[in-house]
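Student: I am new to this structure and would like a close look at a single part of it. Could you take me through one region of the surface and what lies around it?

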Amino acid sequence: MSKLHIRKNDTVVVLAGEDKGKTGKVLKVLVKENRAIVEGVNIVSKSAKPSAKHPQGGIIKQEAPIHMSNLNLIDPKSGKPTRIAIKREGKNVVRIAKKSGEVIK
């Protein structure tokens, strides 16, 4: 299993593609596929048959996964995109923003 620089509930910005420049919260990380589902980004239309959840059926708009290489974490201090450094503090691993040096929770 590979280590990823983005985790669930992080705020990220899209670097490339149709939604370039948009920001959103990471809802789910798909580790094996190296992708993440971001709130309000990469919206696709999906046809759905009537079911208990959607009794009417029809076309449903939902977020599709986006590749990790197209995402960058938002710096908690400046609010701008930043790269991540991984630092070990004893047994704990901490993520640090490259731009501000701030620890990312």
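Tutor: What follows is a look at a charged patch, and then at some residues elsewhere in the chain. The model is a predicted one, and the mean pLDDT of the protein chain is 93, with 98% of its residues reaching 70 or more. Confidence is lowest in strand 11, at a mean of 90, while strand 3, residues 35–38, has the highest, at 97.

The part to look at is a positive surface patch, which is made up of Lys80, Arg83, Lys98 and Lys99. One of these residues, lysine 99, sits in the loop that runs between strand 10 (92–97) and strand 11 (103–104). Lysine 99 counts as exposed because its relative accessible area is 54%, and exposed means over 50%.

Histidine 5 belongs to the segment before strand 1 (11–14), and at 29% relative accessibility it is partly exposed.

That segment before strand 1 also holds asparagine 9, which is partly exposed at 49% and has a positive phi of about 75° although it is not a glycine. Most residues other than glycine have a negative phi. Asparagine 34, in the loop between strand 2 (23–30) and strand 3, likewise has a positive phi, near 60°, and is partly exposed with a relative accessibility of 27%.

Terms used: Residues are numbered from 1 along each chain as its sequence is written. This is a predicted model: local features need pLDDT of at least 70, side-chain atom pairs count only at pLDDT 80 or more; totals for chains, interfaces and linings use all residues. Side-chain values use heavy atoms; hydrogens and water are left out. Patches are made of residues with over 30% relative accessible area and no salt bridge: like charges are joined within 9 Å, nonpolar side chains (Val, Leu, Ile, Met, Phe, Trp, Tyr) within 5 Å. Accessible areas come from the Shrake-Rupley method with a 1.4 Å probe; for residues, only the protein chains shown count as cover. A salt bridge is a side-chain nitrogen of Lys or Arg within 4 Å of a carboxyl oxygen of Asp or Glu. Lys and Arg count as positive and Asp and Glu as negative; His and the chain ends are not counted. The place of a charge is taken as NZ of Lys, CZ of Arg, CG of Asp or CD of Glu. Helices (H or I, at least four residues) and strands (E, at least two) are DSSP runs, numbered from the N terminus. Buried means under 20% relative accessible area, exposed over 50%, partly exposed in between (1.4 Å probe, protein chains only). pLDDT is the predictor's confidence in each residue, from 0 to 100.
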